[in-house]
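Let's talk aromatic rings and how they get their labels. Here is the model to look at.

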Amino acid sequence: MFSSCDSIMTNFVFLKPVVEKLENSYFEFLTDQQICEQKKFILQDLELDTAFKLLTKLEAEIKQDFLEAIADKKKDELSKQYLQLCRNFRIRIAEYQQPLPKICRKVALDDILEEVKACFKNANPVFSKNCSALKGHFKFRHWYAHGRYFQRTPVPPAPREVQQICNEFKQFVFDRK
């Protein structure tokens with residue numbers, strides 16, 4: 001199990017040249033052209049898998065941060081927006097029997113990302129824009145995890161791009177005071 005986005009990228013950076021430098025003798029009974037195609041396939045799969053792992057890790061961290069902000073009743077601006085989002089969600093689903101932190105588990109990731117995007121729109125427009133891009137990247141994550149048979153394949157994000165967004169979330173959201 002990977003403990004951070006950086007450890008996922010370290011694994012990717014390590015494995016990529018290993019695959020590129022595999023000796024042809026490793027691919028028994030294949031022609032040089034087939035070997036080249038096989039290496040290309042393995043590298044593409046490595047990129048898809050890395051992007052998927054990064055997005056999965058980031059999704060879990062975003063949801064965890066959201067739920068902790070609600071449960072701990074944090075007072076920063078983003079946490080206040082999270083709490084309002086959760087209250088609005090409670091009203092929308094008309095669920096008043098359960099405690100708010102339990103209800104908040106059902107809030108959609110897209111809604112949480114909209115709150116982050118709105119919170120940073122003026123303070124950090126680049127990060128806010130990256131939150132919009134991240135929403136699109138999660139379409140890839142959903143496709144990869146739940147059904148690669150969809151007729152329309154989403155564009156996979158570059159692992160470095162997702163790593164950059166992970167680092168921005170750490171800096172601006174997860175490490176906020």
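Q: What makes a residue buried, partly exposed or exposed?
A: Buried means under 20% relative accessible area, exposed means over 50%, and partly exposed is in between, using a 1.4 Å probe and protein chains only. Bear in mind that this is a predicted model, where local features need pLDDT of at least 70, side-chain atom pairs count only at pLDDT 80 or more, and totals for chains, interfaces and linings use all residues. Residues are numbered from 1 along each chain as its sequence is written, and side-chain values use heavy atoms, with hydrogens and water left out.

Q: Why is Phe 140 called buried?
A: Its relative accessibility is 0%, so Phe 140 falls under the 20% cut-off. Trp 143, at 8%, counts as buried too.

Q: Why is the pair of Phe 140 and Trp 143 called tilted?
A: Rings of Phe, Tyr and Trp (its six-membered ring) pair if their centres lie within 6.5 Å; planes under 30 degrees apart are stacked, over 60 edge-to-face, and the rest tilted. Here the centres are 5.9 Å apart and the planes sit at 40°, so tilted it is.

Q: How do you know what to call the pair of Phe 120 and Phe 172?
A: A search of the whole structure turns up eleven aromatic pairs. In this one the ring centres are 6.1 Å apart and the planes are at 50°, so the pair is tilted. Phe 120 and Phe 172 are 52 residues apart, so the pair links distant parts of the chain.

Conventions: Helix = DSSP H or I, 4+ residues; strand = E, 2+ residues; numbered from the N terminus.
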